[in-house]
Amino acid sequence: MTGGPGAGLSSGVPEPALRNISDTALWVAMYRAQETERPDPLFRDPFARRLAGERGEQVLHLLSSAAEGRSWPFVTRTVVIDRFIEERVRHGTDLVLNLAAGLDTRPYRMALPASLRWVEVDLPPLLAYKEEILRGETPSCALERVALDAADVEARRQLFTRLGRECKSGLVITEGLVIYLTREQVGALAADLAAAGGFRHWIVDISSPGLKRMIEKQIGAQLSQARAPLQFAPEEGSAFFEPYGWEAEEVRSTIKEARRLGRLSFFLRLISLLPESKGRQGSRPWSGLCLLRRR
């Protein structure tokens, strides 16, 4: 399965840039591979290139003109989420639930305590592909994989209830997920997580309506072809989650974090020096990494 999730025999017809939502996992894995191979990497993911496979390289090539210069948000997101996780683990997190985990390899590449439970949830074909590629590798913590579509409300509620009972200080990660959901779906997910009881913190990345429109101009056609249109971009930012039982403990601007990490072009460094917007984002292109806590 070196070609990637869902790879099959060639029909002679050129592959689209993105066939489905799983191809975005291959694409992001290629960005992690490229960062790892730099002389000054911000993190090392020795599994990323294997997981991306030939199809990941193809996706990156096909999207190179439409998404040129787009690696820095993904690299920055990875670094900030790594640091959020490290901080929460130091403060007693005993279980991590990674929803729509994709090809994430944190249980393998991060120095995590052996006592930590890590639960990955994603679609069956993607998890099967990941297990095949990582067969023989040993995670640093106790890893469990659950093949489940997070859109299956009843199934996810059962999972959340079980895990909520089994942890005292759980952490949820939804990296790169909610932007593909509607406001109603995100609200329902937030309410379900809060109702489970044991989850204390949630790491989620969000974008403004202005940034969503910008991305759609670049790769909207490819995402629509893959039946993965961008949807969730709350104008109110992290305040969106408050009615559902979650409040922001920390919010980090992606572009400002990227400047600190040295991953911006000269032009973007200038933009990153503008004052941070504290209100509603609206048409302003903005994205952030949020650490939410259950109220």
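The legends below describe close-up views of a predicted model.

In this predicted model, local features need pLDDT of at least 70 and side-chain atom pairs count only at pLDDT 80 or more, whereas totals for chains, interfaces and linings use all residues. Residues are numbered from 1 along each chain as its sequence is written, and side-chain values use heavy atoms, with hydrogens and water left out.

**View 1. A salt bridge joins R19 and D23.** The structure holds 32 salt bridges, a salt bridge being a side-chain nitrogen of Lys or Arg within 4 Å of a carboxyl oxygen of Asp or Glu. In the bridge between R19 and D23, the closest N and O atoms are 2.9 Å apart. Both R19 and D23 are buried, where buried means under 20% relative accessible area, exposed means over 50%, and partly exposed lies in between (1.4 Å probe, protein chains only).

**View 2. R38 and D40 meet through their side chains in a salt bridge.** The distance from N to O in this pair is 3.0 Å. R38 is partly exposed, having a relative accessible area of 34%, and D40 is likewise partly exposed, with a value of 40%.

**View 3. E249 and R88 form a salt bridge, at 3.8 Å from N to O.** This pair links distant parts of the chain, since E249 belongs to strand β6 (residues 246-253) and R88 to helix α3 (residues 71-90), 161 residues apart. Helices (H or I, at least four residues) and strands (E, at least two) are DSSP runs, numbered from the N terminus. E249 is partly exposed, with a relative accessible area of 31%, whereas R88 is buried, with a relative accessible area of 9%.

**View 4. A network of salt bridges links R77, D82, D104, R106, R109, E175 and D205.** R77, one of the residues in this network, is found in helix α3 and is buried, with a relative accessible area of 12%. When its neighbours within four places in sequence are left aside, R77 is in contact (heavy atoms within 4.5 Å) with V28, R106, E175, G176, D205 and L289.

**View 5. A100 and R227 have positive phi values.** Most residues other than glycine have a negative phi. Phi of A100 is near 55°, and A100 lies in the loop between β1 (95-99) and α4 (106-109), where A100 is partly exposed, with a relative accessible area of 26%. Phi of R227 is near 60°, and R227 is found in the loop between α8 (209-225) and β6; R227 is exposed, with a relative accessible area of 79%.
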